[in-house]
Amino acid sequence: MGKVSAIIYIAVALLILFLISHSPKKHPNHSRHRRLKLRSSFSFSNPTHHEPVAFDPLVADIERRREDRQWEKQYLEHTHPELVNDHAPGHESQPEWEDFMNAEDYLNDEDKFNVTNRLVMLFPKIDADPADGFVTENELTEWHLQQAAKEVLHRSMREMEVHDKNHDGFVSFAEYEPPSWVKNDNNSFGYDMGWWKEEHFNASDANGDGLLNITEFNDFLHPSDSKSPKLLHWLCKEEVRERDTDRDGKVNFDEFFHGLFDLVRNYDEEDHNSSHPSHDSLESPARRLFSQLDKDGDRLLSEEELLPIIGKIHPSERYYAKQQADYIISQADSDKDGRLSLLEMIENPYVFYSAIFSEDEDDDDYEYHDEFR
């Protein structure tokens, strides 16, 4: 059955490529004015800022290599400034623009990197459940989730190399130090909530051996993506600690309404262009949700009672993957049937590569991740 599907894919792909190659160039998406440009999204001062991963694994790999070099340079600047600044005048270290431009030249050489051919090759990998000749929102979400998981794990492995000082493949709490961007700024994200403290470390230590392996360390750095009950409970505990202004150990309605409810509502919000409802109109649904969560009826929310909404307070990569999938389908689904054919994908390449598409004429970026902020 798998061989038959592969033969059908190849036949359809060849037919589409033939039709495209012999049809008039009337689609602006194939304009020669557009150029693929690598992104540089890593920020040492705010690495928790979320950026969508590249759709194409090949592009993601190129960007990852560039990010590694940038990260290494910035890491040295933060940890060993004397090595970076101890240069003779006129010999400051410069970005490796030659390698950077060579990579961009590769992406814009149609003989080496042809967007249409890439989409034809990737289509059957995305159209997997079921392999029916169409890409659904769920299949596209799973695809983006796979790419994001690779990106996240790569960054975690890079961080682990820094903190695993005895090189035994594990990180102890004694080895771990909060990132310098946290130590230098007590107002940094997560500092007040104890994200870099021993309780967080212990919650990430699934087997309780006092050490974090790469899976546990990955959960430590990205708790919202963890399935560990210990870590999810810790997230709930930290939310109570952060929101509990009267210090009674629980969250009352006012504490819930002014902060947590907005996060839940934003997560559930489908229409990003809707008008902002008034304070009074929001109070009723907030009280309804509060009542649903308040299982013991004491008019307070405990750590355990926050568990059903913790995934909305701290969205996982699946949330962002679904956003990307929804956006892509909304832009490329020409016949509005809620799914994508191979032809629709080929006719709308800018949607899949828009994060790195730009116009040569005015250098305006076509960045789809702006849609998700």
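Q: What makes Glu-67 and Arg-155 a salt bridge?
A: A salt bridge needs a side-chain nitrogen of Lys or Arg within 4 Å of a carboxyl oxygen of Asp or Glu. In this predicted model, the N to O distance of the pair is 2.7 Å. That meets the cut-off, so the pair counts. Glu-67 lies in helix α2 (residues 57-79) and Arg-155 in helix α6, so the pair ties together parts 88 residues apart in sequence. Helices are DSSP runs of H or I with at least four residues, strands are runs of E with at least two, and numbering starts at the N terminus.

The model is predicted: local features need pLDDT of at least 70, side-chain atom pairs need 80 or more, and totals for chains, interfaces and linings use all residues. Residues are numbered from 1 along each chain as its sequence is written, and side-chain values use heavy atoms, without hydrogens and water.

Q: Why is Glu-67 called buried?
A: Buried means under 20% relative accessible area, exposed means over 50%, and partly exposed lies in between (1.4 Å probe, protein chains only). Glu-67 has 6%, so buried is the word. Arg-155 has 24% and is therefore partly exposed.

Q: Which residues are linked with Glu-67 in a network of salt bridges?
A: The network also holds Asp-61, Arg-64, Arg-65, Asp-68, Glu-151, Arg-155 and Arg-158. The total count by the salt-bridge rule is 20.

Q: What makes Glu-137 and Lys-322 a salt bridge?
A: Their N to O distance is 3.1 Å, so the pair passes the test. The pair links distant parts of the chain: Glu-137 sits in helix α6, Lys-322 in helix α14, 185 residues apart. Glu-137 is partly exposed at 27%. Lys-322 is partly exposed at 33%.

Q: How do you know that the span of helix α14 agrees with its number of residues?
A: The expected span is 1.5 Å times one less than the number of residues. For the 16 residues of α14 (317-332), that gives 22 Å. The end C-alpha atoms are 22 Å apart, which agrees.

Q: What do the buried residues of α14 pack against?
A: Their partners are β2 (135-136), α6 (137-163), α11 (253-268), β5 (339-340), α15 (342-347) and α16 (349-353). Tyr-319, Tyr-327 and Ile-328 are among the buried residues of α14.

Q: Why does Glu-255 have no salt bridge?
A: Glu-255, in helix α11, is buried.

Technical notes: Contact means heavy atoms within 4.5 Å. Lys and Arg count as positive and Asp and Glu as negative; His and the chain ends are not counted.
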